[in-house]
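Biologist: Could you please take me through this model step by step? I would like to begin with the overall picture and then turn to details.

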Amino acid sequence: MTSNTTLAEALASGTVVLDGGMSNQLESAGHDLSDELWSARLLAERPEAITEAHLAYYEAGADVAITSSYQATFEGFAGRGIGREKAAELLSLSVELAREAARQAQAKGVARPLWVAASVGPYGAMLADGSEYRGRYGLSVEELERFHRPRLEVLAGARPDVLALETVPDSDEAAALLRAVRGLGVPAWLSYSVEGGRTRAGQPLEEAFGLAADVDEVIAVGVNCSAPEDVDGAVRTAVRVTGKPVVVYPNSGEAWDAQARAWAGSSSFTAEQVSGWRASGARLIGGCCRVGPSAIAGIAAVLNGSAG
């Protein structure tokens, strides 16, 4: 954190701008992400590239940078011959790289508060087979909790401002994550990947958001890595069910083809949509896959151009 204001305090008093997609920013800089570790591979091979990507978003107007740990897991690193001790170092490094980007941004004249969110992707992100968009892995809540807790402990130990429990496709996995964050001493947000009025696994959003309503560690709930047109209804439901600030960072509107490992279709995301999301109750707003610094600059301009 680069000010004495916590993210929860900032959300209580106004709207905060999130960054955009890490992978598309790295790819635009010429980095190859075509393996199962995705952007997490660069934690070991090109960490300075990750700092540069964070810096681009901070300079574009983002107040919060989400770390490159989405696909970083002990199991995934083990598959690349990286042991647990080194994997833990890389997880912690993801937070420090975002902190370094914040320091560089401030050295370049960015004067506003900047925060770091440690990304915790779903179990399916480790599988790298598209199941993060389906859920229903065949694991119990207890098994999912055991998978997530060690990584959460390491990330929490690196002292991010918030843990981003993101792209969660399944309310069972959300239940596991909410159990796993208890007692870590770091606040969290819970963000589902949705389609229509349901999670990707098909559960009603009323039930899915309701899991977080009484969890003190959770400072915001919402949706990410979803189509922009699915955001409005989800925001209203999240506000009604939880009364908490809402986090929103959709994809560009294109669709991910897991077999081809490529995006298809056309973008339907516009910065102007964020005014409606804020009016419905969104307080932490940015973009996910295929949403770059120019779009984040547009979001910041819209949100900072009117009372928040």
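Modeller: The conversation below goes from the whole chain to the sheet, the helices and a few single residues.

Biologist: What kind of model is this?

Modeller: This is a predicted model.

Biologist: How many helices and strands are in the protein chain?

Modeller: The protein chain has 13 helices and twelve strands.

Biologist: And what share of the 308 residues is buried?

Modeller: Buried residues make up 58% of the 308 residues. As for contacts in the chain with a separation of 6 or more, 77% of them join residues 24 or more positions apart.

Biologist: Let us turn to the sheet. In which order do the eight strands stand?

Modeller: The order is β1-β12-β9-β8-β5-β4-β3-β2, in an open sheet with parallel pairing. At the edges stand β1 (16-17) and β2 (64-66); each has a single partner strand, so one side of each is left without a neighbour in the sheet.

Biologist: How many bridges join β2 and β3?

Modeller: Three bridges join β2 and β3, in the parallel sense. Within this part of the sheet, Val-64 is opposite Trp-115 in β3.

Biologist: What about β3 and β4, please: how many bridges are there?

Modeller: There are four bridges between β3 and β4, again in the parallel sense. Here Ala-118 stands opposite Leu-163 in β4.

Biologist: Which residue of β5 is the bridge partner of Leu-163?

Modeller: The partner of Leu-163 in β5 is Ala-188. Strand β4 (residues 162-168) and strand β5 (residues 188-192) pair over four bridges, in the parallel sense.

Biologist: Is β3 mostly covered or mostly open?

Modeller: β3 is mostly covered, since six of its six residues are buried. Trp-115, Ala-117 and Ser-119 point one way from the strand, while Val-116, Ala-118 and Val-120 point the other way; all are buried.

Biologist: Which helix lies across β3 and β4?

Modeller: Helix α8 (residues 141-157) lies across β3 (115-120) and β4, and α8 runs at about 165 degrees to β3.

Biologist: Now the helix pairs. At what angle do α4 and α6 pack?

Modeller: Helix α4 (residues 47-60) and helix α6 (residues 84-107) pack at about 50 degrees, and their axes are 8 Å apart. The two helices are therefore oblique to each other. The crossing of α4 and α6 is right-handed.

Biologist: Which residues meet there?

Modeller: From α4, the residues are Pro-47, Ile-50, Thr-51, His-54, Leu-55 and Tyr-58. They meet residues of α6 including Leu-93, Leu-97, Ala-98 and Glu-100. By class, the contact of α4 with α6 has ten nonpolar residues, three polar and one charged.

Biologist: And how do α11 and α12 cross?

Modeller: The axes of helix α11 (residues 231-242) and helix α12 (residues 273-280) come within 9 Å and cross at roughly 20 degrees. Angles under 35 degrees count as roughly parallel, so α11 is roughly parallel to α12. Their crossing is right-handed.

Biologist: Which residues make that contact?

Modeller: Val-231, Asp-232, Val-235, Arg-236 and Val-239 of α11 make the contact with Gly-276, Trp-277 and Ser-280 of α12. This contact of α11 with α12 has four nonpolar, two polar and two charged residues.

Biologist: Why does Ala-234 count as buried?

Modeller: Its relative accessibility is 3%, and buried means under 20%. Not counting residues up to four places away in sequence, Ala-234 touches Leu-205, Phe-209 and Val-223. Ala-234 and Val-246 are twelve residues apart in sequence, with their C-alpha atoms 9.4 Å apart.

Biologist: One last topic: backbone angles. What is the phi of Arg-136?

Modeller: Arg-136 has a positive phi of about 50 degrees, although it is not a glycine. Most residues other than glycine have a negative phi. Arg-136 is in the loop between α7 (123-127) and α8, and is partly exposed, with a relative accessible area of 48%.

Biologist: What about the phi of Arg-159?

Modeller: Phi of Arg-159 is near 60 degrees, also a positive value in a residue other than glycine. Arg-159 lies in the loop between α8 and β4. Arg-159 is partly exposed, at a relative accessible area of 47%.

Methods:
Residues numbered from 1 in each chain as written. Predicted model: local features only at pLDDT ≥ 70, side-chain atom pairs only at ≥ 80, totals over all residues. Heavy atoms only, no water. Pairing = 2+ DSSP bridges. Contact = heavy atoms within 4.5 Å. Axes fitted to C-alpha atoms, helices over the stretch in contact; angles between N-to-C directions. Parallel < 35°, antiparallel > 145°, perpendicular 65-115°, else oblique. Left-handed = near helix turned anticlockwise from the far one by under 90°. Nonpolar A, V, L, I, M, F, W, Y, C, P; charged D, E, K, R; others polar. Buried < 20%, exposed > 50% of the residue type's maximum accessible area, 1.4 Å probe, protein only.
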